[in-house]
Amino acid sequence: MSRQSVTLKKCNHPRYPWRVTFNQGEEYAQKYFVTKADAKSFADAKAIELLNEGRKHADFSNEERKAVIRCREMAESFAASGVKGFSLDAALTF
C-alpha cells in the first residue's frame, strides 16, 4: 500500500518558486505555484482530500482485507509466470 503525503517546498523553477508534491494511490504528482499562499492553500486542500479518501476505504472487514491480499498475491504470481496485461480490474470486469 502506498503512503499518501503532501509536501510544500521552495524550488528553483524560473517562473514558479513553490512546488507541492503528493502521492495519490500509485501515482506521484507535482504542481507549481507563483505564491506561497496559493501553494499552501492547495497543499492543505489536497491533504484533506487524501485523508478523506483513505477514510472512505478504511472500513474493510477482515474477510474483505484477506480477499484483497489474496488477489494481490495471485496477480503477482500471474505476472511472474509471464501473463501479460493481467490486472485485478480486468479480471473482475470479465
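Helices here are DSSP runs of H or I with at least four residues, numbered from the N terminus. The model is predicted, so local features need pLDDT of at least 70 and side-chain atom pairs count only at pLDDT 80 or more, while totals for chains, interfaces and linings use all residues. Residues are numbered from 1 along each chain as its sequence is written, and side-chain values use heavy atoms, with hydrogens and water left out.

Let's start with helix α1, which covers residues 36-56. A39, A43, K46 and L50 are buried in α1 (under 20% relative accessible area with a 1.4 Å probe, protein chains only; exposed is over 50%, partly exposed in between). Seen down the axis of α1, these buried residues fall within an arc of 70°, so they line one face of the helix; the arc is that of the directions from the helix axis to the C-beta atoms. On the face turned away from that buried side sit the exposed residues A37, I48, R55 and K56.

Now for the charged pairs. A salt bridge is a side-chain nitrogen of Lys or Arg within 4 Å of a carboxyl oxygen of Asp or Glu, and the count comes to two.

| Salt bridge | N to O distance |
|---|---|
| K40 and D44 | 3.1 Å |
| K46 and E49 | 3.3 Å |

K40 and D44 both lie in α1, four residues apart, and K46 and E49 are also both in α1, three residues apart, about one turn of the helix. K46 is buried, with a relative accessible area of 9%, whereas E49 is partly exposed at 37%. In the other pair, K40 is partly exposed at 44% and D44 is partly exposed at 38%.

How values were computed. Helix = DSSP H or I, 4+ residues; strand = E, 2+ residues; numbered from the N terminus. Expected span 1.5 Å × (residues − 1).
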